[in-house]
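Subject: Structure for you to look at

Hello,

Please find the structure below, with the sequence. My notes on what was found in it follow.

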Amino acid sequence: MANSLIQIHELVKAFGLMPVLRKLDLGIERGESVALLGPNGSGKSTLLRLLSGLSKPTGGTISVGGWELPREAAAVRAQIGMVSHKPLLYENLNARENLRFFARLYNLPAANREQRIDLLLERVGLARRAGDLIRTYSRGMQQRLSIARAMLHDPEVLLFDEPYTGLDQAASAMLDEIALETRANGRTLIMATHELDRAVRLASRAVILSRGVVAFDAPTAGMDTAALAAKYAEVTA
Amino acid sequence: MKTPFISAVLAVLWKDLQVELRSRELVGSMGLFALLSILIFSFALELDRIARTESVSGVLWVTVVYASVLGLNRSLAMERDQGNLDALLLAPVDRTAIYFGKLIGNFIFTLVVGLTLILLMTVLYNLTLTRLWLIVVLVLGTLGFSTVGTLLATMTVQTRARESLLPIVMMPVALPLLLSAVRASTGILNETPQEDWLAWVQILAVLNVVYMTMSFLLFEYVIEE
Amino acid sequence: MGAVRQMPMTDSTPDVSPQTDRMPRLLMILTLVTIIAVAVGIYMALFYAGTDIEQGEVQRIFYIHVPSFAATFVAFSATVLGGILYLRTRSVKWDTLALAGVEVGLVLAIINLATGSVWARPIWNTWWNWDPRLTLDAIMVLTYAAYLMLRNGIENPETRRRFASVYGIFAFATVIATLMITRIRPDTIHPVVFGPILTDASQMSVQGDFELAATAGVTTVIAYNSFVWSTLLPATLIWHRIRLENLAQRVQSLKARVLGE
């Protein structure tokens, strides 16, 4: 466990008097693709926000790639890409300008910046609409660009915070593809989701959170949706 | 790993300028407000030639401060609406770099409106406002408002009351700035000897330093959970 | 390890032992001492100090008016202190101190304004005028009212405490401005009781100013009252307010516990 990419030890996060995470322990290896499951309020989003450095822990430790949060937050953030249910884009800029801004913010080398942006626009199927303002985009297109934004700096870890909310078939399929590709490329993926079938299909490991701790943690290999659903009902009851 | 401070400040600033050049939302709404404001004051106070000289600096500064509130709300609402505050926070940059990027943008927009206002009032009120020292005071005053306002607007856009809370929260804190700016401007416009009003310009400069230091130290707390 | 403070869960829920219900002995003594000290101060103001030659009996208001501003200053300073310490340690007790400072400070500031008004009626012939210092003082009160509004506008308790701490530190600028204004603005008519006057006194038209040493006992009584009002009184009030807040939070957590079961 000592060399895990992500190490979480006795993580506590409380909002006022309400604890959301209660001494949560979790280790994630490089190249794993983890589905984070659990009912609303079980702490999935909170855990992802803590991992990305958006939120500070009340107690316990997190390290990503050997860097500790929150002390070395900038180094951790450089390795993380996040897709949430909000697109995190600027409506009055076009797709290319949005990506350019984030490329500068992530300090990508100027030389291959445009090349990288072209590649990603192509990848998410927005190359032809790259010059259009984001506010003219559909929800699905915004979310696709959001994926390009998250992958811009080629992060070690990709975090999905229920990005499927409100997506059409095509955009969901593309998100699935990218999730599988991330796994194939040996990158690490952590996705919070409600959909058990998607978890079985895309992830190599299922982690169920309940009342702020890990209630179930097993590889998805050899498990079908029904088996996972049974487990889910058992541990969250 | 971390993006250099200056690059991050410039990235945020450039993004704001780009958005503004495209939509002209900020300067447009602030400018229109400013124009309406001086017309309303002109009618409401029934400003004749003498009364104008007396109250012109008050009219100028009240207009500038409300215009800046308008712009600040817009500028920070843009960061909140699609969760962009999170997008900025996810990047490996210093939080204060985000602050300075936003601050410089807001300062430039408010200053543009202030300068336009000076020209407009010179024409409409038939007074000479285009004086070097008045411009200096305008620069210091708008910088001060932007410094305090960028910090406070970052807080208020995250609250339930949102836009309506900023003027209530910002006015009292910005009051020392407003007071010294009005006093200095009145002195300059009435052509009283420099030693009578120079102290106010100095106080304005000191206040800028104080507020900027406070904001620099406190910004990370208004942006991070 | 080491980057994050270890904070066991039990710390975030207040102590539920019945002992916390009783008032601490020290607070009881402090309250008693404060009541006596304030009463002595009022007695001295009314009977010990001589009557002012120019202003007559109404000048006695100064023995409350001046100390109440000193007390306001101390209370709002507690808010700054609480704010800074909260941001550094994220311990709820410091935010409670900051909030107590604002509420106690507001009450004292209103006493200050009210006594000033009563004094101004015979001396300036008006309850209120737009003198710079009065205006700034009113704005200071509004600033701290805005502090309470800001708190009200935020649902997440952690965000509320964080923003309130930042604003509590910023708001102190208006306290300093109120304190400084009589010294830097030549056109205020408000008398300066404490501290040096920076502007040339001969230019001023201060109405109702008086010579401290002219009447017997004035200096002593103002000094005594200012001392009591800026130490014992705010300390006692703030402590009581903190205790109330802690009890309220305990009720909340007990309620949460009952509902959770």
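Two residues are in contact here if their C-beta atoms, placed from the backbone, lie within 7 Å. Please keep in mind that this is a predicted model.

Chains A and B

By that cut-off, 24 residues from chain A and 24 residues from chain B make up the contact. On the side of chain B that touches chain A, α1 (5–23) and α4 (84–90) of chain B each supply at least two residues. The most comes from α1(B), with eight residues. By type, the residues on this side of chain B are 11 nonpolar, seven polar and six charged.

The nonpolar core

The largest nonpolar core has 209 residues, and those that touch the most other members are A:Ala35, A:Leu36 and B:Leu204. Helix α7 (residues 165–189) of chain B gives the most to this core, with 14 residues. Leaving aside residues up to four places away in sequence, A:Ala35 touches A:Met191, A:Thr193, A:Ala199, A:Leu202, A:Ala203, A:Ala206 and A:Val207. In soluble globular proteins, nonpolar side chains tend to be buried together.

Backbone points

Most residues other than glycine have a negative phi. A:Lys23 is not a glycine, yet has a positive phi of about 55°. A:Lys23 belongs to strand β2 (residues 18–28) of chain A. With 15 other C-beta atoms within 10 Å, A:Lys23 is partly exposed. A:Arg211 also has a positive phi, near 50°, and sits in the loop between β9 (205–210) and β10 (213–219) of chain A. A:Arg211 is partly exposed, because 16 other C-beta atoms lie within 10 Å.

In chain B, helix α5 (residues 95–124) has 30 residues and spans 43 Å from its first C-alpha to its last, close to the 44 Å expected at 1.5 Å a residue. Just after α5(B) comes B:Asn126, with a positive phi of about 55°.

Chain C

Chain C contains seven helices and zero strands, in the order α-α-α-α-α-α-α along the sequence. Of its 261 residues, 38% are buried. For contacts in chain C between residues at least 6 apart in sequence, 74% join residues at least 24 apart.

Confidence in chain A

The mean pLDDT of chain A is 89, with 98% of its residues at 70 or more. Within chain A, helix α3 (residues 95–105) has the highest confidence, at 94, and helix α6 (residues 169–184) the lowest, at a mean of 86.

Regards

Notes: Residues are numbered from 1 along each chain as its sequence is written. Chains are lettered from A and ligands numbered from 1 in the order in which they are written. This is a predicted model: local features need pLDDT of at least 70, side-chain atom pairs count only at pLDDT 80 or more; totals for chains, interfaces and linings use all residues. Helices (H or I, at least four residues) and strands (E, at least two) are DSSP runs, numbered from the N terminus. Ala, Val, Leu, Ile, Met, Phe, Trp, Tyr, Cys and Pro count as nonpolar, Asp, Glu, Lys and Arg as charged, and the others, Gly among them, as polar. A residue is buried if 20 or more other C-beta atoms lie within 10 Å of its own, exposed if 12 or fewer, and partly exposed in between; C-beta atoms are placed from the backbone. The expected span of a helix is 1.5 Å times one less than its number of residues. pLDDT is the predictor's confidence in each residue, from 0 to 100. A nonpolar core is a set of buried Ala, Val, Leu, Ile, Met, Phe, Trp, Tyr and Cys residues joined through C-beta atoms within 7 Å.
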